[in-house]
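Subject: Structure for you to look at

Dear colleague,

My notes come after it.

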Amino acid sequence: MNGNAVLDIRDLKVSFKVRRSGRKYQVRAVDGVSLSLAEGEVLGIVGESGCGKTTVGRSIVGLVRPDSGTIGFKGRDMTGAGLRDMRLNIRMVFQDPYASLNPRRAIGDSVAEAGDINGFFTSRAERSAAIAAALTAVGLDPSFAARYPYELSGGQRQRAGIARTILPSPSIVIADEPVSALDVSVQAQVLNLMMDLREQLGLSMLFISHDLGVIGQISNRVAVMYMGRIVEQAATRTVLDDPRHPYTRSLVAAIPKPDPSKRILGAIETGEPPSLFKRPSGCAYAPRCPLASQRCLVEVPELRSVGDRALACHNV
Amino acid sequence: MLSVQDLTVSLGPATAPVDVVAGVSFELAKGEILGLVGESGCGKSMTSLAVMGLLPQPGPRIRAGRVLLEGCDVTQLQPWQRVEAGHGRMAMIFQEPMTSLNPVRRIGDQIAEAVRVHDRVSGPPAMARARELLELVRMPDPAMQLSAYPHQLSGGQRQRIMIAIALACRPQVLIADEPTTALDVTIQVQVLGLLRELCNRLDMAMLFITHDMGVIAQLADRVSVMYAGRIVETAGVEALFGRPRHHYTRGLMDCMPSRNSGARRLPTIAGQPPAPGTVRAGCVFASRCAAVREPCRTAAPPRAEVSRGHEVLCTFPLDDGGPR
Ligand SMILES: Nc1ncnc2c1ncn2[C@@H]1O[C@H](COP(=O)(O)OP(=O)(O)OP(=O)(O)O)[C@@H](O)[C@H]1O
Ligand SMILES: Nc1ncnc2c1ncn2[C@@H]1O[C@H](COP(=O)(O)OP(=O)(O)O)[C@@H](O)[C@H]1O
Ligand code: SF4
Ligand code: SF4
Ligand SMILES: [Mg+2]
Ligand SMILES: [Mg+2]
């Protein structure tokens, strides 16, 4: 797809076995996702809860095992591989910093964890200096190394969670809803921090969020996911200013705009959210789609390129 | 309809109280939607629980102030008197419906239970009213959903059930504490639309609590902005967004990504809110205010009406918030 891609994912499929009311189901959480990330780029992934965003991220860092597909890092296939190189080069930031910060360990020890596991430090002095540098880089005083997660505010915890992912400095950061649990004023601080780090460390980023406002602020490109598939992908401004896929249009229209003269309540139709247990046979969006035609009920639309974007829809 | 006057909610011993809500006042007229907006920990939930008489025990208590519902101070009533008082009906919905719904009871039974308490009917009439309530909240397939369990419903549908249960007592005032925060925007817009429609149709007043300025702009008639236990600005929604007068309100608006068209960096408000009870003198926002001046640190700011219906708690309010 892309010559200088640092990350190249092809046809990723992930399914889970789940039990519901005594029956066993196989749910397809990710159903054929391809995407690539260029050096220094931020790619946003957006979509409703349960559409498979986190599962894509977890597959890349090896936290879930894909059914099929390839994940290439700098030209090498690393699907399912626990390569040390890859572990240190691709790191994940989570929505809930509690999930990544061990409550019983001092912040400094959590920040140094990846380095400790991989024998990155040659002396205690070097380790302490690296922790101090990572904390300083995320705007925390080095004295935070001795503190515990419960002593930190939400924003400080998320900063510590980010410090954890930049020691040692990776090539790619997968950020899964990193600011969703934060208040707007703190959210702005953390977003600014992530933009600064991207620049200083030359990071590439996969930025997962359900919030198009946040995605619009930080990403160069956006992929919109629906029921495990990418339905539209383009430069951020293209997607936000001129969404084409009916689902993207409804997502953009539903953003609560902070402008009382642009009220939308009662004026837009967004339909019922889907159930992964009842995947429609044709286009997964058909039950909610105002443009659905006969063809949509039987044939799955493939992602194809249309002008400056990729779209999966029969009718636009 | 509802008048909250100088409400103060405190923690800690009576000899050294820590006020988490410090002198909050607001009025709510019939059919009106008042948005209460502020960041986490500023006291929004404490305010709503105090108004409802649902403060957790032991712990926070109402130290001062009155909550008048049609002229009757409900803080002086016992819980059973609130139900008996018939006319004084308030209901509340919360952020996470799963924690307020019983996971092992069918939703029809749960709604009928609320109907039984308020209408004193049971059996088929209660179930018929439950179905009517499901129709009122625009639940698809109401007859069938009566026999569903909470886990079989989506987040948006569960929130509709909570609204149906709240409406069972035919409330005059609905208090909604972040009811759409856990929902996707596509579903949020439906639930907000439903709440507004219900307020219009039933002439119900609503206190809508959120941290999301976008939601406030879409839904509210009037807005109160809360910071560190105090209401720092109240205005009609157009005036608040068109011309914010408090520095905190303005800061909140500026740091929203969706208001920031294209700049690489977002404006921020430096620092964090003070812990409750730590500001002993002056303005609670002084430690973060870009416009702070010497008097702010010593003298409590006055509450001034800067234009009709637009109140601000600040010694040096913004006067050039200007349309943006
Ligand atoms: N370990 C698991 N076992 C079973 N099902 C799972 C597992 N992880 C995810 N799923 C299911 O896979 C689907 C996709 O989940 P995923 O967490 O990727 O969604 P998401 O887009 O990140 O959603 P959210 O916005 O809520 O975080 C969901 O239906 C989810 O319930
Ligand atoms: N049950 C409780 N016991 C003691 N303190 C509480 C309790 N609930 C909330 N608080 C404190 O009261 C303050 C206001 O909390 P809350 O009303 O929940 O804020 P908000 O709803 O605006 O996020 C915070 O400082 C919070 O830590
Ligand atoms: S393929 Fe058909 S149903 Fe699917 S989004 Fe396009 S028009 Fe709608
Ligand atoms: S009183 Fe002073 S510190 Fe407080 S908001 Fe007004 S200008 Fe800022
Ligand atoms: Mg997720
Ligand atoms: Mg709250």
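Below I go through the ligands, then the helix pairs, and then some details of the backbone.

Please bear in mind from the start that this is a predicted model, and that the values that follow were computed from it.

I would begin with ligand 4, which sits in the largest cavity. The residues around ligand 4 include several cysteines, namely Cys283(B), Cys289(B), Cys296(B) and Cys314(B), and also the two histidines His246(B) and His247(B). Phe285(B), Ala286(B), Ala291(B), Val292(B), Thr315(B) and Phe316(B) complete that list. When the shell around ligand 4 is sorted by residue type, it divides into 9 nonpolar and 3 polar residues, with no charged ones.

Ligand 3, for its part, sits in the second largest cavity. It is surrounded by 13 residues, of which the closest are Cys283(A), Cys289(A), Cys296(A), Cys313(A) and His314(A). The shell around ligand 3 divides into 10 nonpolar and 3 polar residues, and here too no charged residue is counted.

In chain A, helix H7 (residues 154-165) and helix H8 (residues 184-201) pack at an angle of about 15°, with their axes 10 Å apart. Angles under 35 degrees count as roughly parallel, and H7(A) is therefore roughly parallel to H8(A). The crossing of these two helices, H7(A) and H8(A), is right-handed.

In chain B, the axes of helix H7 (residues 155-167) and helix H8 (residues 185-202) come within 10 Å and cross at roughly 20°, so that H7(B) and H8(B) are roughly parallel to each other. H7(B) passes H8(B) in a right-handed crossing.

How do H4(B) and H5(B) meet, and at what angle do their axes cross? Their axes come within 8 Å and cross at roughly 110°, which makes H4(B) roughly perpendicular to H5(B). The crossing of H4(B) and H5(B) is right-handed. The loop between helix H4 (107-119) and helix H5 (123-136) of chain B holds Arg120(B), a residue other than glycine whose phi is positive, near 55°.

That value is worth a second look, because most residues other than glycine have a negative phi, and most peptide bonds are trans. Pro168(A) lies in the loop between H7 and strand E7 (172-176) of chain A. In chain B, a cis peptide bond joins Gln57(B) and Pro58(B), with omega about -10°, and Pro58(B) is found in the loop between helix H1 (44-52) and strand E4 (61-69).

With best wishes

How values were computed: Residues are numbered from 1 along each chain as its sequence is written. Chains are lettered from A and ligands numbered from 1 in the order in which they are written. This is a predicted model: local features need pLDDT of at least 70, side-chain atom pairs count only at pLDDT 80 or more; totals for chains, interfaces and linings use all residues. Side-chain values use heavy atoms; hydrogens and water are left out. A residue is near a molecule or strand if one of its heavy atoms lies within 4 Å of it. On a 1 Å grid over the protein atoms alone, a cavity is a set of points where a 1.4 Å probe fits but cannot get out, and a pocket is an open set with protein on both sides within 12 Å along at least five of seven lines; lining residues have an atom within 4 Å of a point. A molecule sits in a cavity or pocket if more than half of its atoms lie within 2 Å of its grid points. Ala, Val, Leu, Ile, Met, Phe, Trp, Tyr, Cys and Pro count as nonpolar, Asp, Glu, Lys and Arg as charged, and the others, Gly among them, as polar. Axes are lines fitted to C-alpha atoms, for helices over the stretch in contact, and angles run from 0 to 180 degrees between N-to-C directions. Helices (H or I, at least four residues) and strands (E, at least two) are DSSP runs, numbered from the N terminus. Angles under 35 degrees count as roughly parallel, over 145 as roughly antiparallel, 65 to 115 as roughly perpendicular and the rest as oblique. A crossing is left-handed if the near helix is turned anticlockwise from the far one by less than a right angle, and right-handed if clockwise.
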